[in-house]
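Hi,

Here is the structure I said I would pass on.

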Amino acid sequence: MLKANYFNIVIIAVLVLAGMLSAQALGADKDNTIPHLSKQGAATQLIVDGKPFLMLAGELHNSSSSSTEYMKPIWPKLAEANLNTVLAVVSWDLIEPEEGKFDFSLVDDLIKDARRYNMRLVLLWFGSWKNGVSTYVPVWVKTDLPRFPFARNADGNALEILSTFSDASRDADAKAFAALMRHIKEVDGQQHTVIMMQVENESGVLGDSRDRCKAANEAYNKPVPKELMDYLQKHKDTLLPEIHNAWQTGGFKTSGTWEEVFGVNKPHEKDWRNRSSFTDEIFMAWQYSRYIEKVAEAGKAEYPIPMYVNAWLDQEGCPQPGEFPSGGPLAEVMDIWKAGAAHIDMLCPDLYVPDFKARCEWYSRLGNPLFIPETRGDKDGVINIFYALGQHNLMGFSPFGIERIAEPNSELAKCYSVLSRIAPFILEGQAKGTIAGIAMDDPNQVEKVQLGGYTLELRILRRWVSGPTEGPVAAGIVIATGPDEFLAVGKGLMVLFSTSTPAEMVGFATVEEGTFVDGKWIPGRRLNGDEIISGRGLRFPPGGYSIQKVKVYRYK
Ligand code: DGJ
């Protein structure tokens, strides 16, 4: 009897262990049931329902989601434009109209409607700040300045911005956000329609380079907090040049006031690449990151799905702190945000500026995964997605004002249609580091990339290899899918192959045009002759996106 029991226990233990191992092999760890970020080889990806997920998204105008009725005709438009994710506002004033009394009916409607159209949601928490200012806080907060003080400018005047120097404001915001996350868990903890949260919107002080209320002035003249000093010392070798250089200017002091440690503010400059008042900006970045950290922490304690913050960028027209929200999560102060807000998973650029590529690079530093929550959705803006997917492992792309852009025949709809078909290959290519992407409008630009043991030359399609260009732009992605095998999508693009072996040439074994339907390859034309430039390169005509499966061979 004893022997039989012992035998049973061993069998059960083996079965349990085997179950655990196979669950682990499937990636079914503890958090696997809720959306989370996970390092997949070379990329950090968003995992939804156990699988990497590429957000082909769009952000609604600010006020659209405040009315379920208003949203009704918008949902089908978004679905027709092939979006799989919508970024929608949830505002503090509408969910907590009276202190402690919550109304989540708008959130519930958003979730129900997103499900009806088979879409996911990223919810934008318009709490203490939206574009720097505090217009979305409830009236009971706005009208109680003694309890919830506003920031002040150099003249001592109040700005319509909740001051970061108020624990009461921070705690009230954190309480409301926690209630929201608790509710989302209750109604969506199983189905995962809500996949990510944006905490606040483009935070930072507008109208001055820093808050100058009494508490702010006192803090500014006190020593830099020990937590920040410790972080800087611990990460001294990996700090980004902006913070490293500011600290170096102060002589790498290990304690002192903000100006002693980071240098005296430089006077106002018109050129956005030369930062003035950088110490004020660093100071505010610390205050905002600490405040938002508390809000995110309270939210994650209820329901820990990924959370990010977004930035209004420095640019011509608003080159200096205070002209853009000072202290927001800009690339220059990433180190400070990483030090201050451990519960924030990503810092994200609202990317409307012309130097798209440089900004992607800056935001990919420090292992920060790239998600673009706002960007241009016009013809020229949309094609940037190909570059960011291929070169920066982009996890999602979201043009702003999506209800205006999302027409069935729009560039966005066409682009999302083709990308949704090859999304699993893109995600795999990102993880394996076997993907390259391009978006270009310069007829003379030639990009060379190494992929699958070949050198690929990408450029705007020419009528013949060195002839006149056929289109104003080229956009596309190439993924090495196996030995001598590639999957490519593009438009207006030409791709030439070579190897590093002297005298060795590359020919096309087969080039097949086609598409994927429910993950299954449906071949179309077999491309040859003019369609592969007589064997010299792949050709993606400028008229629309095409997908090609390619096998190459080498000859000498
Ligand atoms: C950036 C903000 O984050 C959005 O909410 C919206 O106001 C756009 N600017 C408008 O262009």
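Below is what turned up, grouped by region.

Before the details: this is a predicted model, where local features need pLDDT of at least 70, side-chain atom pairs count only at pLDDT 80 or more, and totals for chains, interfaces and linings use all residues. Residues are numbered from 1 along each chain as its sequence is written, and side-chain values use heavy atoms, with hydrogens and water left out.

**A helix pair**

Start with α16 (residues 384-392) and α18 (residues 411-432), which pack at an angle of about 10° with their axes 11 Å apart. Helices here are DSSP runs of H or I with at least four residues, strands are E runs of at least two, and both are numbered from the N terminus. Axes are lines fitted to C-alpha atoms, for helices over the stretch in contact, and angles run from 0 to 180 degrees between N-to-C directions. The two helices are therefore roughly parallel to each other (that label covers angles under 35 degrees).

Eight of the nine residues of α16 are buried, so the helix is largely enclosed by the rest of the structure; among them are Phe386, Tyr387 and His392. Buried means under 20% relative accessible area, exposed over 50%, and partly exposed in between (1.4 Å probe, protein chains only). Just after α16, Asn393 takes a positive phi of about 50°.

**Salt bridges**

I count a salt bridge when a side-chain nitrogen of Lys or Arg is within 4 Å of a carboxyl oxygen of Asp or Glu. By this rule there are 33. One of them joins Glu99 and Arg147 at 2.7 Å, N to O. Glu99 sits in the loop between α4 and α5 and Arg147 in the loop between α6 and β7, so the pair ties together parts 48 residues apart in sequence. Glu99 is partly exposed at 42% relative accessibility, and Arg147 is also partly exposed, at 36%.

Another bridge links Arg170 and Asp167, with the closest N and O atoms 3.4 Å apart. These residues are three apart in helix α7, which means about one helical turn separates them. Arg170 is buried at 18% relative accessible area, whereas Asp167 is partly exposed at 49%.

**A loop residue**

Thr193 lies in the loop between α7 (167-188) and β9 (194-201), and is buried at 4% relative accessible area. Thr193 and Val48 are 145 residues apart in sequence, yet 9.3 Å apart in space, C-alpha to C-alpha.

Cheers

Notes: Parallel < 35°, antiparallel > 145°, perpendicular 65-115°, else oblique.
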